[in-house]
Amino acid sequence: MAFHSTSNDTIFALSSAAGRAGVALVRVSGDRAGDVIDVLSARRPEARVAVLRKLVDPQTGGLIDHGLVLWFPGPASFTGEDLAEFQVHGGRAVAAALLRVLGRVEGCRLAEPGEFSMRAFENGKIDLSQAEGLADLIDAETETQRVQALRQAGGVLFRLTERWRAKLIEAMALVEAAIDFSDEVDVAEGAVGQAEERVRELGDEIGSHLNDDHRGEILREGFQVVLAGAPNVGKSSLLNVLARRDVAIVSSEAGTTRDVIEVRLDLEGLPVVVSDTAGLREASGDVEREGMRRTLARAQDADLVIRVVDGSEGAAGVDIPSVGSSGEQIVLVNKSDLIGEAGGNDAVGDIRVSAKTGEGIAELIKIVALVARRKTGTREDTVITRSRHRSQLASCHQYLLAFLGKTSDVELRAEDLRLASDALGRISGRIDPEDVLDEVFGRFCIGK
Ligand code: GDP
């Protein structure tokens, strides 16, 4: 599906989740939204006042349901267009009947995924970063994700980029003045000096946001934990204990976990993704080799690698797997319940647990949550939540530095500022949004 320009169609969709529920919400947006209310319920309610109405199929005169009707004349609506909402009983057949009737209204059609939000964007109700915030809010699984998404949807990044752009435009005007007054050296140099001062401040501010340890992205995507270790040390068992449900196949046969299995956990409001990977050992076959490749790749990008060893093997036999990773690493000794029998292996490891008895698991969760909290923090000023924001902001920063690095050729320096400003404009979607619109809105569900 490709969005390019808004069609004149009036669109409708079930905006609440599909399936059986107490209430279902159907939204209609576009020029014909008001007519749709007239057609179904005979009397259009006052703007933004919920009224209970009989909803009638105009073709048969039959009652569809009793429901609440809301009328939001544009532009004071979510999409900026005329918008109607129907809250009906949440049975599948009720919603289906209502959608069927709407589909028969001339000029109305079912909305594409994200099309309501897309229209809100096109009508200037929200910018692209706010639309992303809305998508994140819908996807938010934990408390910290909700808070971050809400800030983004509320326009934190949008307002910041607008403020930066305004400052950049001031600097650009000063540079233009320097070009215009190039005959008057004092005036020109003064103007360039003032522009440099503003650009320097801006560069520092943007630089400090870029230097945020990727907190926003980690929070949005989940803190990545990888369990690494030789086959049979108990990685799958640990994952199962953590997830408190059977997600990985626990087997005493070596090398059965060849793929990456992950569970998403909510640790004290932080999203944590734990993955169990293929055992690290000499590969005996292609499949296993591929599994190991994935393990190492996962560990490389992980925020935390838990290197698991088998505590029952005795200190001498312990082989702590070494993995390259940009994240933190801890060594975990599993099978603590067997340590007594086999002579013990308490010399190594940061933590000792038993996936079998549950001993030490609470402490393990505490450690993971602690590291996750340290890495994601609750820094109020985190604004970068996606690589899309980071790459544009980094590009803006580069152009600001390029401007500051040059001393002559004021025309070229003006171009640096223009490119820096374009990069900021891409974050909010002011500049060439086309290439990113599908990416942003196509991920929404229908009805949003
Ligand atoms: P993986 O290959 O590292 O994923 O290891 P598994 O989770 O498949 O476990 C290998 C074997 O060790 C299985 O028979 C498990 O039941 C057993 N096991 C795992 N954790 C413990 C533990 O803490 N104590 C004991 N006694 N056995 C364990």
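Which strands does helix 2 (residues 92–104) lie across? What we have here is a predicted model, in which local features need pLDDT of at least 70 and side-chain atom pairs count only at pLDDT 80 or more, while totals for chains, interfaces and linings use all residues. Residues are numbered from 1 along each chain as its sequence is written, and side-chain values use heavy atoms, with hydrogens and water left out.

A word on names: helices (H or I, at least four residues) and strands (E, at least two) are DSSP runs, numbered from the N terminus. Two strands pair if DSSP finds at least two bridges between them.

Let's begin with the sheet that goes with my question. Six strands make an open sheet with mixed pairing, in the order 3-4-5-2-1-6. Its edge strands are strand 3 (51–56) and strand 6 (108–110), each pairing on one side only. On average, neighbouring strands here are turned by 30 degrees against each other, direction ignored. Strand 4 (residues 63–72) and strand 5 (residues 83–89) run antiparallel, joined by five bridges, and Trp 71 stands opposite Ala 84 in strand 5. In the loop between strand 4 and strand 5 you'll find Pro 75. A cis peptide bond joins Gly 74 to Pro 75, with omega about 0 degrees.

Now, back to helix 2: it lies across strand 1 (10–14), strand 2 (23–29), strand 4, strand 5 and strand 6, at about 170 degrees to strand 1. Helix 3 (residues 115–122) also packs on the sheet, touching strand 1, strand 2 and strand 6, and its direction makes about 135 degrees with that of strand 1. Contact here means heavy atoms within 4.5 Å. The axes are lines fitted to C-alpha atoms, for helices over the stretch in contact, and angles run from 0 to 180 degrees between N-to-C directions.

Strand 8 pairs with strand 9 (residues 270–276) in the antiparallel sense over seven bridges. Among the bridge partners, Ile 261 has Asp 276 and Glu 262 has Ser 275. The hairpin of these strands has two residues between them, and Glu 268 there takes a positive phi near 50 degrees.

For polar contacts, we take pairs of N or O atoms within 3.5 Å. A polar side-chain atom of Ser 237 lies 2.6 Å from a ligand oxygen, and a polar backbone atom of Ala 355 is 2.9 Å from a ligand oxygen. Taken alone the ligand exposes 580 Å², and the protein buries 84% of that; accessible areas come from the Shrake-Rupley method with a 1.4 Å probe.

Terms used: A polar contact is a pair of N or O atoms within 3.5 Å; within protein, one must be able to donate a hydrogen and the other to accept it, and residues adjacent in sequence count only if both atoms are side-chain atoms.
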